[in-house]
Amino acid sequence: MKLRTRLILSFILIVLLPMGLAMTAFIVVNHSKANSGKMSPGQLYFSNTVDDLASYTDDDVRLLEEWARTFPENFLDSDIQKQSNEKLAEKNSYLVVRVGTKIVYDGAAKGMHPDYDSLPMYGKLVNGDVLIIKLQTESGILKEIDFGKEDGKRGQAFVITPAGSVVPGGEKIWLYYVLWLVVIMLITGVVISLVLYRSIIRKVRLMQAATDDIRQGNLENRIEAKGSDELSELAQSLERMRARLLSDATQKVADEDSNRKFLSSITHDLKTPLTSIIGYSEGILDGIASDPEKLRKYVSTIHSKAVDMNELLNELSEFSKLDLHEIPYHFEKINASEYFDEFAEVTEDELSSDNADFSYKNTLDADTEIIADPAQIKRVLHNLISNALKYSRDDAKLSVKFRVKDIGNFIQAEMEDNGKGISSEDVPHVFERLFRADKARNTGIRGSGIGLSIVKKIIEDHGGQIWVTSRLNEGSTFYFVLKKVSPDDNT
Ligand code: ADP
């Protein structure tokens, strides 16, 4: 769940839950009155129905009824009238006593007096019935207690409870309910905030630990973060960054390793001819090459070794220039079909003068275009041809088959020879700098082991790929692909 949605939900819960709980509390409390038949002032305050107001003075009415049966003269005693009225006043009610048609006592507060004419006749309200009557400023609930007088006159006591008034103690009840609401709100607020905090803090801690790990260079620990909220997405980005850093670091170690190997090979490849040069020149200086024939042999070896070194240094310098982007590419849109046709024509002549067979198959559409540096691609093709020549078998006439075809978004070129081939252990390494397959077998074949690494660099700088399949003593096929110009490209 998104953090935003979670926060909105929590807010709604924090607001609604306490309200719901408070409402439930009211309902439960009010229901309890049905069971007990009694109401607290607070309940009365909030319910304020006729029944509730009426039931509020039940106890007092029962006492008055008792008097009516046993001490009816109490109703005429002004002290008792006052006392009773004071008791009723606690419940915001008051007492009115009428004998015959004469009101002998009226305990109403100001503005609460009943309309005496609307008081019920003797015997009108029986069995606890109540009547709603008009008072001066509002309505009220009236209960009637009849009593007989000795001289035969009949009397009535009325207990009147103004309906719209505030039940005594109501203000306190408000405070009581507000306090309850605050407590409920506090509890739900704290609980919901805690739940939210825990769900957020877990991910924050996870990321904190992960960044600490990364800072200390420990890139192995995966950051596990499921979910689709913002924090999970952040943790997932962090995990992608960690994976990337790990892969970069691994690559860096591999590069450093390859650079070390490269340096050691280069030292070796330069040292070997140099040792020969020093040895032979010392031989000459020491007068070992006494006859002209020997001298010629010594000088020729020195020359040949110097040429080897020169070649190696030239290729190395070429490679480093490419690597450092010192040789700029001149990319242009070229017609692939025409380009390869031209190359094949020239190569066929060259190879036939080297006594080798050459076949060429081009299945590209005549208008297929690629974006390439024609000079650099030519360099690739020449290198492949010159390797085919260099590593041809002594026991078989060299045959080179060159094919170009369309493979969807790319064109694929294939250069197949029937030469010495490359062992399966060496195949993965032939594009590495200074790698020369099976050095013992290649003895006598001049080379630096740089050519194919230059070829690979050029193809990859064109956004293409190059690979080789080979069988020892049967031949090799070099493949490379270059991206075609699609109609959408507006270069
Ligand atoms: P070099 O030819 O200067 O040794 P390359 O980088 O061109 O360097 O080639 C690397 C190695 O790959 C060669 O030493 C050789 O062993 C092997 N190789 C390349 N092309 C061929 C081929 N057409 N047939 C057999 N082996 C090859």
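## A guided tour of the chain

What you have open is a predicted model.

**Stop 1: the overall outline.** Switch to a cartoon view and you can look for twelve helices and twelve strands. Now show the surface: the chain exposes about 29,100 Å², and 56% of that is supplied by carbon and sulfur atoms.

**Stop 2: the cores.** Next, select Phe340, Leu381, Val400, Phe402, Met415, Ile450 and Phe480. These are the residues with the most contacts inside the largest nonpolar core, which has 50 residues. Zoom in on Leu381. Which residues does Leu381 touch, leaving aside its neighbours within four places in sequence? Its contacts are Tyr339, Phe340, Phe343, Phe402, Met415 and Phe480. Apart from this core lies another one of 15 residues, and Val61, Ile80, Leu95 and Tyr105 are among them. In soluble globular proteins, nonpolar side chains tend to be buried together.

Stop 3: Select Ile8, Phe11, Ile12, Leu16 and Met19, which make a nonpolar surface patch of about 500 Å². To find your way, pick out Ile8 in helix α1, residues 3-36. Is Ile8 buried, exposed or partly exposed? With a relative accessible area of 44%, Ile8 is partly exposed, because that value lies between the 20% and 50% cut-offs.

**Stop 4: two residues with positive phi.**

- Select His325, in the loop between α8 (292-323) and β6 (332-335). Phi of His325 is near 60 degrees, a positive value. His325 is also exposed, with a relative accessible area of 58%.
- Then move to Leu434, in the loop between β10 (410-417) and α11 (439-442). Phi of Leu434 is near 70 degrees, again positive in a residue other than glycine. Is Leu434 buried or exposed? Leu434 counts as buried, because its relative accessibility is 3% and the cut-off is under 20%.

Notes:
Residues are numbered from 1 along each chain as its sequence is written. This is a predicted model: local features need pLDDT of at least 70, side-chain atom pairs count only at pLDDT 80 or more; totals for chains, interfaces and linings use all residues. Side-chain values use heavy atoms; hydrogens and water are left out. Helices (H or I, at least four residues) and strands (E, at least two) are DSSP runs, numbered from the N terminus. Buried means under 20% relative accessible area, exposed over 50%, partly exposed in between (1.4 Å probe, protein chains only). A nonpolar core is a set of buried Ala, Val, Leu, Ile, Met, Phe, Trp, Tyr and Cys residues joined through side-chain atoms within 4.5 Å. Contact means heavy atoms within 4.5 Å. Patches are made of residues with over 30% relative accessible area and no salt bridge: like charges are joined within 9 Å, nonpolar side chains (Val, Leu, Ile, Met, Phe, Trp, Tyr) within 5 Å. Accessible areas come from the Shrake-Rupley method with a 1.4 Å probe; for residues, only the protein chains shown count as cover. A salt bridge is a side-chain nitrogen of Lys or Arg within 4 Å of a carboxyl oxygen of Asp or Glu.
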